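Subject: Model for your review

Dear colleague,

I am passing on the structure we spoke about, together with some notes on what was found in it. Please have the model open while you read.

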Amino acid sequence: MGVMQPKGTPRETVLEELAGFTGGDVNWRTGRVLTGVYDPGEEAHALAVEAYTRFLAQNALYVNMYPSIGRLERDVVASVAGLLRADDEVTGNITSGGTESIIMAVKTARDWARENRPHITGPELVLPVTAHPAFLKAAHYCGLRVVQTPVELKSFRADIRAFREALGPNTILAAGSAPNFSHGTIDPIAEMAAAAREKGILFHVDGCVGGIYLSILRRMGEKVRDFDFSVPGVTSISADLHKYGYTPKNASVILYRNRDLRKHAWFVCTSTTGYAVINPTAQSSRTGGPIAAAWAVLRFFGEEGFREIMRRSQEATRRMLAGISGIEGIRVLGEPDMCMFTIAADELNVFEIDDEMRLRGWQMIPQFACGGGPANLHVSVSHANVPHTQLFLQDLRETVETLRQRGPGVDRAAFSRIVGQVAGKPIEEIMLALIPLAGLSGIDLPERMAPLNTALDLLPAGRRDELLTAFFNMTT
Ligand SMILES: Cc1ncc(COP(=O)(O)O)c(C=O)c1O
């Protein structure tokens, strides 16, 4: 049954139906969702909803019709630029999220290089393996070759020597993260940007998750590695509002060192029968809602409000890290620089830990082994998790203890043999081999994901991507 029926449906029924659909959803208000939700608290949330709906119908494409949206965007961009120690030359725009900001950075660099490095016909993007997949997506869309460089496995920061060596005659853009999402570690941005600058290469800092958070921490007097426009050689920065800026989705800021660079961001077209399209970002028509809501939340908290949120989140993170270090059988990877970290296990299967914790209501993100690092569970601590840290540690301790006593539920060695036999075969064969291993029946994912995640973890990344594409293309 589709949505479009011959006759309309009363408002109350529609709302009831919508509410009915959410029965199987994760409840993001429990404080147990440890990723992807940035709940600013009831009052700020209500304000954001009101601001959002007030500007919901206004099309931000037409800033001439709605100058208020242009004004709100300029205010928000200026606030974020100020946090990132920008000078008056820095300029930028609001996008729909980190991915769009990164796509804009890559597209801008590509078009800058077309003008300034016209001899380069096979442009390359160099970045550590910890950089977000959005870069690989952007490179895919913009026709750049990606060169991923290793990280030091003790710290999970970019290996600066390998990074420097990877900067070649075709590199048009290099990037580092502050911090990366996966491990919460800040790359040696100053050294990386200097290396890029020496070779005349643009350098983007992915501050999507950390730009706002780390800047506030620095202003609170905490020691934070330099990553912003104070660093020579940094030519663009992305910083999301809809993460640790605690504003509703979709809002991020892309900033460029100056207008000379930003001029390559624009897409302007008056050569059709239609209206003049003048876009500084990838989207064209878009709601003014996220921009107004971002403005409202920043205004509501002010720096003082954010300082309190960051202070509490840092304290909670320290408590969690200390607690985890006391649980035998698991460990934190690298040296996290803010309220994000990953949990790995040497003997236990982290995906089994994830399943047990999920049954207790905790949502973490499983991440596959990559770049020499093991599979792990990602945690992003937000304001809403702060009151629940003791319970988290207690559940984690009990879960690890139970699994240690029970022994492995997934026979990794047997899985490894089966996956090894099919890894080079056509995708259909891999799928057929994995269905019984993973306990898949039909299109619904199983309650316990450890078998499936273990099998996926054992596949080479390229095959895994192909398999997931085929699976989701078939089932959604
Ligand atoms: C460091 C970093 N960069 C980019 C992104 C992509 O952001 P979005 O999901 O808003 O597109 C994320 C998302 O978590 C991130 O953490």
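Predicted model: local features only at pLDDT ≥ 70, side-chain atom pairs only at ≥ 80, totals over all residues.

Residues are numbered from 1 along each chain as its sequence is written.

The buried residues of H12 are Phe392, Leu396, Thr399, Val400 and Leu403. Seen down the helix axis, they fall within an arc of 95° (taken from the directions from the axis to the C-beta atoms), so they line one face of H12. Their cover includes H10, S12 and helix H11 (350–359), helices (H or I, at least four residues) and strands (E, at least two) being DSSP runs numbered from the N terminus.

H12 itself comprises the 18 residues 389–406 and reaches 25 Å from its first C-alpha to its last, close to the 26 Å expected at 1.5 Å a residue; the expected span is 1.5 Å times one less than the number of residues. Just after H12, Gly407 takes a positive phi of about 85°.

Helix H10 (residues 289–325) is another matter, for its end C-alpha atoms span only 43 Å, whereas a straight helix of 37 residues would span 54 Å. H10 bends by about 80° at Gly302, the bend being the angle between axes fitted to the seven residues ending there and the seven starting there.

Four strands form an open sheet in the order S12-S13-S15-S14, with antiparallel pairing; two strands pair if DSSP finds at least two bridges between them. Strand S12 (330–332) and strand S14 (365–367) are the edge strands, each pairing on one side only.

Strand S15 (residues 376–380) is joined to S14 by three bridges, with Ile365 opposite His378 and Gln367 having Asn376 as its bridge partner. Four bridges join S15 to strand S13 (residues 340–345), where Ile343 stands opposite Leu377.

How many of the five residues of S15 are buried? Five of the five are, so S15 is largely enclosed by the rest of the structure. Asn376, His378 and Ser380 point one way from S15, and Leu377 and Val379 point the other way. In a regular strand the side chains alternate between the two faces of the sheet.

An open sheet of seven strands has the order S1-S9-S8-S7-S6-S2-S3 and mixed pairing, with strand S1 (91–95) and strand S3 (145–149) at its edges. Strand S2 (residues 124–128) runs parallel to S3 and is joined to it by five bridges, and Val126 stands opposite Val147 in S3.

**A loop residue**

Ser285 lies in the loop between strand S11 (277–279) and H10, and it counts as exposed because it has 9 C-beta neighbours inside 10 Å. Leaving aside neighbours within four places in sequence, Ser285 is in contact with Asn59 and Leu61, contact requiring C-beta atoms, placed from the backbone, to lie within 7 Å. The C-alpha atoms of Ser285 and Pro150, 135 residues apart along the chain, are separated by 39 Å.

With best regards

Methods. Buried ≥ 20, exposed ≤ 12 C-beta atoms within 10 Å, placed from the backbone. Contact = placed C-beta atoms within 7 Å.
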